Amino acid sequence: MQRQFDDVLLGSIELFCLAAEAGSFTAAANQAGVTPAAVSRSVARLEQRLGVRLFVRSTRSIRLTEGGSAYFEECRTALSLLAEAERRVSGAQSQPSGTLRISVPTTYGHYRLLPVLPEFRARFPLIKLDIQVSNQNIDLHEERFDFAVRFRAQPESRMVARHLEDAALVVVAHPDYLRRAGTPGTPDDLAAHDCIEFDLPSTGRPIPWLFRDAGNDIEYHARGHFRCADDVLAGVTLARTGGGIFQTYRFIVEADLASGRLVEVLADYAGRSRPVSLMYPHGKTLPSRARVFVDYLIETLAHSSAPRKSDVRAAAVSEHPRAE
């Protein structure tokens with residue numbers, strides 16, 4: 001095997017990656033303990049070798065060119081593999097380290113993911129977690145995230161989807177609303193009720209409610225005087241304050257159902273769920289910190305969140321639900 005990279009070139013690649021991640025030659029220089037001029041010379045050395053511009057420079061900022069972005073992704077993966085090889089050989093594999101960037105929707109973040117992360121950190125104290133809790137769909141490649149948690153994940157050629165759980169759906173209302181408007185007995189009865197609509201952020205269209213009737217899956221297009229977008233918790237808040245009937249994820253309202261603040265309705269038509277997946281780029285060799293994160297989430301979250309029989313029975317007999 002012929003030598004293709006000398007120490008200077010490998011160092012230049014590392015400094016290039018630091019500059020790409022930091023978005024600044026000065027910040028990269030501070031991290032590496034060198035001067036900004038040294039970072040600039042390293043980038044210029046790579047550009048001369050490759051025959052392409054890696055950065056668009058201005059007096060205040062730098063940004064990757066299209067070619068620079070592609071080169072950065074490959075270099076980052078290669079450096080990660082080298083570091084992983086060293087950890088395996090040295091025995092440091094038992095202590096994964098580094099930073100993981102994760103994007104997660106607000107509801108799943110607050111109610112499912114964030115509560116289990118302190119235990120993950122206790123197991124792997126050298127791993128830093130950089131978490132974006134948002135309902136915006138990010139591009140893992142463009143925005144350099146390691147993972148994204150998604151509902152209703154669609155297969156993509158560029159992505160791997162690891163199933164975490166099936167998030168059970170439940171239809172709920174406040175006891176005062178049911179006393180005032182009555183309790184629906186079938187999905188068809190919802191036409192006479194205030195159903196709180198929710199628009200899917202990616203499409204801007206209301207999400208149909210999902211039911212199961214005698215083993216058949218059916219959809220119902222809810223209508224009412226409230227229509228929410230972006231954050232499911234808006235619909236939950238309206239339901240909690242008597243605004244109408246809402247279908248949401250059971251894990252969000254478990255405490256409300258237990259306390260009687262909300263009551264499950266149409267329990268005989270329950271049983272539907274939506275899949276939750278952990279997404280990451282296809283073909284990417286996962287470093288140890290990423291592998292232990294995937295294994296931990298599957299171990300912790302990959303179980304059915306379907307309604308318990310006791311919950312269904314309790315809701316089914318609540319013709320006159322109690323007040324708070």
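# A first look at this predicted model

Glu47 is a handy place to start: leaving out residues up to four places away in sequence, this glutamate touches Val52, Arg53, Leu54, Phe55 and Arg57. Keep in mind that the model is a predicted one. The protein chain has 324 residues, of which 43% count as buried, and its secondary structure comes to eleven helices and 13 strands.

- Glu47 is found in helix α3.
- Is Glu47 buried or exposed? Its relative accessibility is 15%, under the 20% limit, so Glu47 counts as buried.
- The side chain of Glu47 also makes a polar contact of 3.2 Å with the side chain of Arg57.
- Val8 has its place in helix α1, and with a relative accessible area of 47% this valine is partly exposed.
- Val8 and Arg45 are 37 residues apart in sequence, while their C-alpha atoms are 9.6 Å apart in space.

**Helix α2, face by face**

- Helix α2 covers residues 25-32, and its buried residues are Phe25, Ala28 and Ala29.
- Looking down the axis of α2, these buried residues fall within an arc of 100°, so they line one face of the helix.
- What do the buried residues of α2 pack against? Their partners are the helices α1 (7-22) and α3 (36-50), together with the strands β1 (55-57) and β2 (62-64).
- Asn30 and Gln31, on the other side of α2, are exposed.
- At the N-terminal end, α2 is capped by Ser24, which has a side-chain oxygen 3.2 Å from the backbone nitrogen of Thr26.
- After α2 comes Gly33, with a positive phi near 75°.

**Nonpolar cores**

- The largest nonpolar core has 46 residues, and those touching the most other members are Tyr108, Phe147, Phe293 and Leu297.
- Which helix gives the most to this core? That is helix α10 (residues 288-301), with seven residues.
- Both domain 2 (98-165 + 275-303) and domain 3 (166-273) give residues to this core, so it lies between them.
- Phe147 has contacts beyond its neighbours within four places in sequence, including Leu100, Ile102, Leu140, Met279, Tyr280, Phe293 and Val294.
- There is also a second, separate core of 19 residues, and among them are Leu15, Ala28, Phe72 and Cys75.

**Two loop residues with positive phi**

- Most residues other than glycine have a negative phi.
- Ala214 has a positive phi, near 55°, and is not a glycine. This alanine lies in the loop between β8 (209-213) and β9 (216-220).
- Leu266 is not a glycine either, and its phi is positive at about 55°. Its loop runs between β12 (263-265) and β13 (273-281).

**The chain as a whole**

- Taking contacts between residues at least 6 apart in sequence, 74% join residues at least 24 apart.
- The accessible surface of the protein chain comes to about 17200 Å², and 50% of that belongs to carbon and sulfur atoms.

Methods
Residues are numbered from 1 along each chain as its sequence is written. This is a predicted model: local features need pLDDT of at least 70, side-chain atom pairs count only at pLDDT 80 or more; totals for chains, interfaces and linings use all residues. Side-chain values use heavy atoms; hydrogens and water are left out. Buried means under 20% relative accessible area, exposed over 50%, partly exposed in between (1.4 Å probe, protein chains only). Helices (H or I, at least four residues) and strands (E, at least two) are DSSP runs, numbered from the N terminus. The arc is that of the directions from the helix axis to the C-beta atoms. Contact means heavy atoms within 4.5 Å. A polar contact is a pair of N or O atoms within 3.5 Å; within protein, one must be able to donate a hydrogen and the other to accept it, and residues adjacent in sequence count only if both atoms are side-chain atoms. A nonpolar core is a set of buried Ala, Val, Leu, Ile, Met, Phe, Trp, Tyr and Cys residues joined through side-chain atoms within 4.5 Å. Domain bounds come from an automatic or database domain assignment. Accessible areas come from the Shrake-Rupley method with a 1.4 Å probe; for residues, only the protein chains shown count as cover.
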